[in-house]
Amino acid sequence: QVQLRESGPGLVKPSQTLSLICTVSGGSITTAYYYWSWIRQSPGKGLEWMGDIAYSGSTYYRPSLKSRTSISRDTSKNQFALQLSSVTPEDTDVYYCMGSDTDYLPRDFWGQGTQVTVSS
């Protein structure tokens, strides 16, 4: 019964760093073959995969965002985090964290999403 919840500031100033945390319960982020992702959504762009961190700690990023995206984890807290630097108003979106179980039968788990607005 995996559950995810995003948390962090809902308002970020341009040029600053957007920081969000995803807290996972009901499962360990180090469990083999689980991947933990950040995805954002806007009316114009739809769903956009930003990147993920694997159970091993390996990270993968969308090429267009790689230069300013960092995904990390704190295994002791069963959390993983997103940092998006140098934000602009175009980064205003609903941000979701997601978990994917790829071991046997595919399953995915979504957070509720959190609105982040970039504005001065």
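Predicted model: local features only at pLDDT ≥ 70, side-chain atom pairs only at ≥ 80, totals over all residues.
In which strand does Ser100 lie?

View 1. Ser100 lies in strand S9. Its relative accessibility is 16%, and because a residue under 20% is called buried, Ser100 counts as buried. When its neighbours within four places in sequence are left aside, Ser100 is in contact with Tyr33, Tyr34 and Tyr35, and also with Arg107 and Asp108.

**View 2. Strand S4 and its two partner strands, S9 and S5.** Strand S4 covers residues 34-42, and 7 of its 9 residues are buried, so the strand is largely enclosed by the rest of the structure. S4 is joined to S9 by 8 bridges, and these two strands run antiparallel; Arg40 can be found standing opposite Tyr95 of S9. S4 also pairs with S5 in the antiparallel sense, again over 8 bridges, and here the bridge partner of Trp36 is Ile53 in S5. S4 and S5 together form a hairpin, in which 3 residues sit between the two strands.

**View 3. The disulfide between Cys22 and Cys97.** A disulfide is a covalent bond between the sulfur atoms of two cysteines. The structure holds 1 disulfide, formed by Cys22 and Cys97, whose sulfur atoms are 2.2 Å apart. This pair links distant parts of the chain, since Cys22 belongs to strand S3 and Cys97 to strand S9, with the two cysteines 75 residues apart. The torsion about the S-S bond of Cys22 and Cys97 is about 65 degrees, and the disulfide is therefore right-handed. Cys22 is buried, with a relative accessible area of 0%, and Cys97, at 0% relative accessibility, counts as buried too.

**View 4. The largest nonpolar core.** This core has 25 residues, and those that touch the most other members are Leu4, Leu18, Trp36, Trp38 and Phe80. The elements that give two or more residues to the core are strands S3 (18-25), S4 (34-42), S5 (46-54), S8 (79-84), S9 (93-101) and S11 (114-118). Of these contributions, the one from S3 is the most, with 4 residues.

Definitions and conventions:
Residues numbered from 1 in each chain as written. Heavy atoms only, no water. Core = buried A, V, L, I, M, F, W, Y, C linked by side-chain atoms within 4.5 Å. Buried < 20%, exposed > 50% of the residue type's maximum accessible area, 1.4 Å probe, protein only. Pairing = 2+ DSSP bridges. Contact = heavy atoms within 4.5 Å. Disulfide = S-S within 2.5 Å.
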